[in-house]
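Please brief me on the packing, the pockets and a few individual residues of the structure shown here, with the cut-offs behind each term.

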Amino acid sequence: MTDTPIREFPVSEAEAGPYGITTGPDGALWLTLVHGAGVARVGADGDVRTWSLGASESRPLIIAPGPDGALWFTRSGDDRIGRITTAGELSAVTLPPGTGPCGIVTGPDGALWYAGMNSDTVGRVTTDGTVTTVPLPLTGAFASMVAAGPDEAVWCTLNQANAIARVDLDGGVTVHPLPTPNAGPVGISGDTDGLWFVEIAAGQLGRVEPDGRIREYALPDRSARPHAIVGDGAGGAWYTEWGGNRIGHVDAAGRIESYPLPSPNSEPHGLTIASDGTVWAALETGHLARLTPPSA
């Protein structure tokens, strides 16, 4: 474990539950408020703006930049994909009932791809609102997070099926089982030649190559419950330890460092890397954490 400067900043009431976070095309941080049914923007000057979705049951989870200069996010509680412009204009696309969307990413084809937790599907939404779905060849898989791979495909963690799925742009699905039983994969992030993912139940990180080869890396604290992960642009990745109250880093060689958060029981979830190289994590206690890497 290594000490490094981490600061925390309040962005909402604790009851609102900051969850997903991304860096927007405007350079600001955008985050979902899972319990507060809202979206927030944190500017470079620290100014915080919040928009209500007007639907208490919406449960917004993951947010990502779209191909159209807007931010797109999943509404897991009311089966919608939300959209917000950098000026704050909200709209939504309705999904099939019972979808339960979780992860979302812009795919290599310029559309938004999402994981249907409750429907055993991966879906595609174009910027004009057209929805198509790809059925997964499993039942009860609990598709969780999605990432664009380096191979013109979308990859998805199947939390309850203990596997990673590859979905090509024509809808073909290949399922890659994990070596560790009951590992519970959640977050996933692509880079130039593979994808990093986390195993929340096993206390491990994993890496999958486009050909399906998988390597696993045990965390020093196997009870850390890693949750989200984002590539660092240098072959490694940053990840959150929801159960360990830490932010961690793995380099391209598999070496792991972890950094404790200042406040106890912070419940770190999503994270993003800002344009200046700092790492930001959403803390469900109503704060953001900013970590300055030693090399930043």
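In this predicted model, Ile104 touches Ile62, Ile63, Ala64, Trp72, Phe73, Thr74, Ile81, Leu112, Trp113, Tyr114 and Val146, where residues up to four places away in sequence are not counted and contact means heavy atoms within 4.5 Å. Because the model is predicted, local features need pLDDT of at least 70 and side-chain atom pairs count only at pLDDT 80 or more, while totals for chains, interfaces and linings use all residues. Residues are numbered from 1 along each chain as its sequence is written, and side-chain values use heavy atoms, with hydrogens and water left out.

**Nonpolar cores**

- Ile104 is also among the residues with the most contacts inside the largest nonpolar core, together with Trp72, Ile81, Val125 and Ile188, and this core has 41 residues; a nonpolar core is a set of buried Ala, Val, Leu, Ile, Met, Phe, Trp, Tyr and Cys residues joined through side-chain atoms within 4.5 Å, with buried meaning under 20% relative accessible area, exposed over 50% and partly exposed in between (1.4 Å probe, protein chains only).
- Strand β19 (residues 195–199) gives the most to this core, with four residues; strands (E, at least two residues) are DSSP runs, numbered from the N terminus.
- Another core, of 16 residues, lies apart from the largest one and includes Val105, Ala141, Val146 and Cys156.

**Pro101 in strand β10**

- Pro101 lies in strand β10 (residues 101–106) and is buried, with a relative accessible area of 0%.
- Beyond four places in sequence, the residues that Pro101 touches include Leu61, Thr74, Asp79, Ile81, Leu95, Tyr114 and Met117.
- Pro101 and Pro226 are 125 residues apart in sequence, and their C-alpha atoms are 20 Å apart in space.

**Loop residues**

- Ala37, in the loop between β3 (29–33) and β4 (38–42), has a phi near 50 degrees, a positive value in a residue other than glycine, and is buried at a relative accessible area of 5%.
- Arg59, in the loop between β5 (48–52) and β6 (60–65), likewise has a positive phi, of about 45 degrees, although it is not a glycine, and Arg59 is partly exposed, with a relative accessible area of 37%.
- Asp191, in the loop between β18 and β19, is buried with a relative accessible area of 17%, and its side chain is joined to that of Arg207 by a polar contact of 3.0 Å (a pair of N or O atoms within 3.5 Å; within protein, one must be able to donate a hydrogen and the other to accept it, and residues adjacent in sequence count only if both atoms are side-chain atoms).

**Largest pocket**

- The largest pocket has a volume of about 660 Å³; on a 1 Å grid over the protein atoms alone, a pocket is an open set of points where a 1.4 Å probe fits, with protein on both sides within 12 Å along at least five of seven lines, and lining residues have an atom within 4 Å of a point, while a volume is the space filled by probe spheres set on the points, which are joined across faces, edges and corners.
- Of its 28 lining residues, Val105, Ile188, Ser189, Ile229 and Val230 lie nearest the centre of the largest pocket, and β26 supplies the largest share of the lining, five residues.
- The lining of the largest pocket divides into 18 nonpolar, ten polar and no charged residues, where Ala, Val, Leu, Ile, Met, Phe, Trp, Tyr, Cys and Pro count as nonpolar, Asp, Glu, Lys and Arg as charged, and the others, Gly among them, as polar.
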